[in-house]
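Here is a short note for a colleague who has not seen this structure before.

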Amino acid sequence: GERAAAYLESVGIPESDIFLCGNPSDHRRTEQVLAETPSVERNNRFLFVGRFIPHKNLPRLLNAYRQYRQEGGDFGLDLAGYAVQEDELIRSSKDIPGIQFLGHQDYRELIDLYRSCAALVLPSISENWGLVVNEAMHTGAPVLLSEPCGCIPELLDEGQNGFSFAPQDIAGIATAFHRFERLDPRERHGMETRSLEIIAGHSVDAWAERVAEVCLAPSANP
């Protein structure tokens, strides 16, 4: 993506030697699951999917969600995944209403979570891309993303399919929750449509076409 390309240029790789192709997820598999299962309505719950490890920034996410609830926010928060921080996170959030720790989910279960959540939230301190964003957007989910997420230039249309925030800013994360909750149903539906429009250009087929293009280009064949 654009941010990886900028990094390569910063360490001396010529722009002419860098080819942008994005980062796809298996949209065909997602579409198959969607076709095989009944459609569902989106609920009023935010969703995190990933490992419970330090760079995912979950302690700040939980503190931001606590603030959001204290300020009158009403949406729930589901966390799917597990790892070394799980027990600690569960203990630290017992006083926060609306949180569910769902543990490990298989692919079909994840698709159900993506297609029914209000929005995916990825609060990472560091994230080369964030393939869960692709997966969620293939179901039409809006996205709330921390600014370091590498996929932002390609997948986030600020205010149109989601919002971004600084990962260290607990109040800013809470504000992103509030901003999304305050959208009316028509605006949320518009975000779902925009997510589908954006992710259509980041399918496995589109990625393969871009790779084939550069491999077959005259400059790629000495």
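1. Terms first. A residue is called buried under 20% relative accessible area, exposed over 50%, and partly exposed in between, using a 1.4 Å probe and protein chains only. This is a predicted model: local features need pLDDT of at least 70, side-chain atom pairs count only at pLDDT 80 or more, and totals for chains, interfaces and linings use all residues. Residues are numbered from 1 along each chain as its sequence is written, and side-chain values use heavy atoms, with hydrogens and water left out.

2. Aspartate 112 and arginine 115. These two form a salt bridge, with the closest N and O atoms 3.4 Å apart. (A salt bridge here is a side-chain nitrogen of Lys or Arg within 4 Å of a carboxyl oxygen of Asp or Glu.) Both sit in helix 5 (residues 107–116), three residues apart, so about one helical turn separates them. Helices (H or I, at least four residues) and strands (E, at least two) are DSSP runs, numbered from the N terminus. Arginine 115 is buried, at 9% relative accessible area. Aspartate 112 is partly exposed, at 36%.

3. The salt-bridge count. The structure holds nine salt bridges. One of them joins the side chains of glutamate 192 and arginine 42, at 3.6 Å from N to O. Glutamate 192 lies in helix 9 (residues 185–199), and arginine 42 in the loop between helix 2 (27–36) and strand 1 (45–49), so the pair ties together parts 150 residues apart in sequence.

4. Aspartate 157 and arginine 194. Their side chains meet in a salt bridge of 2.9 Å, N to O. The pair links distant parts of the chain, 37 residues apart: aspartate 157 is in the loop between helix 7 (152–155) and strand 6 (162–165), arginine 194 in helix 9. Aspartate 157 is partly exposed at 25%, and arginine 194 is partly exposed at 28%. With Glu197, the two belong to a network of salt bridges.

5. The core. Which residues have the most contacts inside the largest nonpolar core? They are Val133 and Phe180, in a core of 55 residues. (Such a core is a set of buried Ala, Val, Leu, Ile, Met, Phe, Trp, Tyr and Cys residues joined through side-chain atoms within 4.5 Å.) Helix 3 (residues 58–70) gives the largest share of this core, six residues. Leaving aside neighbours within four places in sequence, valine 133 has contacts (heavy atoms within 4.5 Å) that include Leu120, Val143 and Cys151.

6. The surface. Tyrosine 7 is found in helix 1 (residues 2–10). At 52% relative accessibility, tyrosine 7 is exposed.
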